[in-house]
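Student: I am new to this structure and would like to learn how to read its features. Could we look at it together?

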Amino acid sequence: MGEIKHLGYDKDGSFTMKIQAKTILEDIHLGDSIAVNGTCLTVTDFDTQLAEFTIGLAPETLRKTSLGELQHGSSVNLERALSPSTRMGGHFVQGHVDGTGVIVRREPEGDSLWVKVKAGKDLLKYIVPKGFIAVDGTSLTVVDVFDEEDCFNFMLVAYTQQKVVIPLKKVGQKVNLEVDILGKYVERLLSSGFVDSIRSSRPVEVH
């Protein structure tokens, strides 16, 4: 996790964010992609002495994500781009936020934490029980989907609670959501008539 040191519009009208995070700076370069609360952003400046780096946010990023609601001192999840030479756990997260959801319930059970999130129907259709979801960039497994409430839930174990920002958020706060891209690809292929074209191209059997 990192800490917001500055965010807002500069004199030239650009919206920038400065984040303090020592770990991320170990091998940072200008132009690197870093996911901030699940949003893929580009490093535009960094200072290894101050352990800070700067990123710029486009207007569309501010509209699609919850980053504009952050404040000075807010904690954020940080993740560097995947290296193809490393082990891959969880699911593939692109850092392309599909939209936001709102936390509607938090309930501890033992040392774990249940979290329930309300999402728009345009996103909920891609969310399935035991499927993947990225919440503020954290790869999680969906437990249940409540279509009548436009909600889904997930559980955070004790270890995860210590490493991500979700437990720091309260009921009513937004979270960034990225659904599993496989569902979007399947929907696109079906709506494009791709499957029908394959069926029609099959050779006719002659008996």
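Predicted model: local features only at pLDDT ≥ 70, side-chain atom pairs only at ≥ 80, totals over all residues.

Tutor: Residues are numbered from 1 along each chain as its sequence is written, and side-chain values use heavy atoms, with hydrogens and water left out.

Student: How many aromatic pairs does the structure hold?

Tutor: Rings of Phe, Tyr and Trp (its six-membered ring) pair if their centres lie within 6.5 Å, and planes under 30 degrees apart count as stacked, over 60 as edge-to-face and the rest as tilted. The structure holds two such pairs. The planes of Tyr9 and Phe15 stand at 85 degrees, with ring centres 5.0 Å apart, so this pair is edge-to-face. Phe152 and Phe154 form a tilted pair, 6.2 Å centre to centre with 35 degrees between the planes.

Student: Is Tyr9 buried or exposed?

Tutor: Buried means under 20% relative accessible area, exposed over 50%, and partly exposed in between (1.4 Å probe, protein chains only). Tyr9 is exposed because its relative accessibility is 60%, whereas Phe15 is buried at 10%. In the other pair, Phe152 is buried at 0%, and Phe154 is buried at 1%.

Student: Which residues does Ser74 touch?

Tutor: Contact means heavy atoms within 4.5 Å. Not counting residues up to four places away in sequence, Ser74 touches Gly2, Glu3 and Ile4.
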